[in-house]
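User: Hi! I'd like to learn how to read a helix pair and a few other features in a model. Could you walk me through them?

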Amino acid sequence: MRAGRGRPLRATDMKKDVRILLVGEPRVGKTSLIMSLVSEEFPEEVPPRAEEITIPADVTPERVPTHIVDYSGNKCPLVGKSANVICIVYAVNNNINLMSFTFLITMFPVYFRLPLILVGNKSDLVEYSSMETILPIMNQYTEIETCVECSAKNLKNISELFYYAQKAVLHPTGPLYCPEEKEMKPACIKALTRIFKISDQDNDGTLNDAELNFFQRICFNTPLAPQALEDVKNVVRKHISDGVADSGLTLKGFLFLHTLFIQRGRHETTWTVLRRFGYDDDLDLTPEYLFPLLKIPPDCTTELNHHAYLFLQSTFDKHDLDRDCALSPDELKDLFKVFPYIPWGPDVNNTVCTNERGWITYQGFLSQWTLTTYLDVQRCLEYLGYLGYSILTEQESQASAITVTRDKKIDLQKKQTQRNVFRCNVIGMKNCGKSGVLQSLLGRNLMRQKKIRDDHKSYYAINTVYVYGQEKYLLLHDISESEFLTEAEIICDVVCLVYDVSNPKSFEYCARIFKQHFMDSRIPCLIIAAKSDLHEVKQEYSISPTDFCRKHKMPPPQAFTCNTADAPSKDIFVKLTTMAMYPEDHYRDRPSRDTGNTDRIENLRKIWVFLKTAFHARLRCMCTCNRCTFCICQNFLNSDLLQSVKNKIFTAVLNRHVTQADLKSSTFWLRASFGATVFAVLGFAMYKALLKQR
């Protein structure tokens, strides 16, 4: 690494502009300095005060618009509040003036906390330097960035003066270095340590040549030649003994190099690195870096994409030092050293899969990230920012790791989904076995569940489930028992209603919740008969759970127990995921609240079934030649035209636009029956015509 020519800083890396304020005693040459900079020649007539001037970004060394403000005695404090740096000008040929400006040094830092530049003007009038007098003052006040001797008359160091002023704003020394102790400040060390750990991609404690080259390229857009790399390591070896190990740069060597840059006045090198990794002037990660803009329309969810999973896989491998496909507490702690806090609590071990020792497995690691992305995508963006996702993957921001799914209504219309994460709300009375269902998704039987501490329990569980050969994530959410569910507790892809077969009052709650919230919804529901290993008692409800499911066109209750010697069966989770992926196969036959018309609607469906059966009863050909009578009729039955007519008939009866009065009217049903009869006659006539042709 070298302090070479870096890439141009982005607008988000630096301030939008720089405001420089020139102050000092009268007749020290403040206005002359500004006039000489603008006209590039010494003015013959100097006005009492120069107007504020703006230097365009394309003519400044740092490519930042710069505003220069001349001192006006009664407006100085007001202007100082809007300045970024203050240049205190004195005349080097006037000893009295030189000593009287110290009150300004004490005033501005107290009021404005701004960097200071000491400017010794009129150096053309003397043959000596004032630095011997200035150095003690600079050592006394840490706010002073530097001192420049110049001459407005012969244009000596004029451009350099304003360059240093810009530099003091864009690359300040204060947050990085403590001159008294001659070492970097703790905040700077902390930031650079995080940068080192992110850049150490194999987690061996050193930056090898490949990692140093990658670091140099992403920060300065230029690689290092092999000899340059060796020169850097030789400089470190020369000054500290443990700065280089196994031909790689250690953390101590990395910090030493940046200390050397700062001491030699190359603050821009360290600041370029810090800003590339998301830090602001206070050495805090910027909100723009941690929380990039991500638009999420209503009824859409957020998932990690393929590139994000590859990054997380490499992150897991980086910290799984013993290669046991699980992260021990020490390995997990090492992973979170780049975070300002520990993001996961003890409940995470009961939310995702772990090994026998309770350590998060590789699958559990990816599942937890998937859960965070689904529930709180902003938190996921923040975490990816701490890990340096956008830097290591060379993406614009962490937003490139997120896929925003399309509206669920579109999935229902197209009868297919591209989503990979499905949410299932688990509802039931307290102690009915909901926690057992959640933990069974993670492969834990009752014996393992009894070892979970109450303060470590989780209301979520997530794991992968295979449906038709596709790997999907099923997210279970335990909904606390209440008389009425909130809107947030209703939103999901599938509902799991759990009741205890040994508790006669358990099913009544499931039935009541179903009727209140899900009877007319398009969310598929599945009833689980939990604790099926216990003696089943009759439920204190008007009808049995089996009859309830039959009445409401739901799958029959699924017997389930987690009291097994091995891992509990995952059949119900496959069924739940399948129902979430293909909800139209489960809600479309659900009856309306107007149960009085159920038989009439069912009769209409039976007419359609009868028509198809009538055709098939007379045709025994089982070929697919597309020329025989059977094939012609089968193609006709499956044609778009006939399907459209069928849908219109069903829509006329089932659509919400049909009023209750219509459904109770005998005239309406007479018209519907007549239409169905005509449809049957036409179909049969076509069938006879086809037979004659044969």
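Predicted model: local features only at pLDDT ≥ 70, side-chain atom pairs only at ≥ 80, totals over all residues.

User: At what angle do helix α7 and helix α10 pack?

Analyst: Helix α7 covers residues 186-199 and helix α10 residues 251-263; their angle is about 125 degrees, and the axes lie 10 Å apart. An angle between 115 and 145 degrees is neither roughly perpendicular nor roughly antiparallel, so α7 and α10 are oblique to each other.

User: Which residues meet there?

Analyst: From α7 come Ile-189, Leu-192, Thr-193, Ile-195 and Phe-196, and from α10 come Leu-251, Phe-254, Leu-255 and His-258. By type, the residues of this contact are seven nonpolar, two polar and no charged.

User: What else is Ile-195 in contact with, leaving aside neighbours within four places in sequence?

Analyst: Besides Phe-254, its partners include Phe-215, Val-273, Leu-274, Phe-277 and Tyr-279. In the largest nonpolar core, which has 76 residues, Ile-195 is among those touching the most other members, along with Leu-274, Phe-277, Trp-344, Phe-365 and Trp-369. Another core of 28 residues lies apart from that one, and Cys-424, Leu-474, Leu-526 and Ile-528 are among its members.

User: How should I read phi, and what is its value at Lys-122?

Analyst: Most residues other than glycine have a negative phi. Lys-122 has a positive phi, near 65 degrees, and sits in the loop between β5 and α5. Its relative accessibility is 25%, so Lys-122 counts as partly exposed. Cys-325 also has a positive phi, near 60 degrees, in the loop between α13 and β13.

Conventions: Residues numbered from 1 in each chain as written. Heavy atoms only, no water. Core = buried A, V, L, I, M, F, W, Y, C linked by side-chain atoms within 4.5 Å. Buried < 20%, exposed > 50% of the residue type's maximum accessible area, 1.4 Å probe, protein only. Contact = heavy atoms within 4.5 Å. Axes fitted to C-alpha atoms, helices over the stretch in contact; angles between N-to-C directions. Helix = DSSP H or I, 4+ residues; strand = E, 2+ residues; numbered from the N terminus. Parallel < 35°, antiparallel > 145°, perpendicular 65-115°, else oblique. Nonpolar A, V, L, I, M, F, W, Y, C, P; charged D, E, K, R; others polar.
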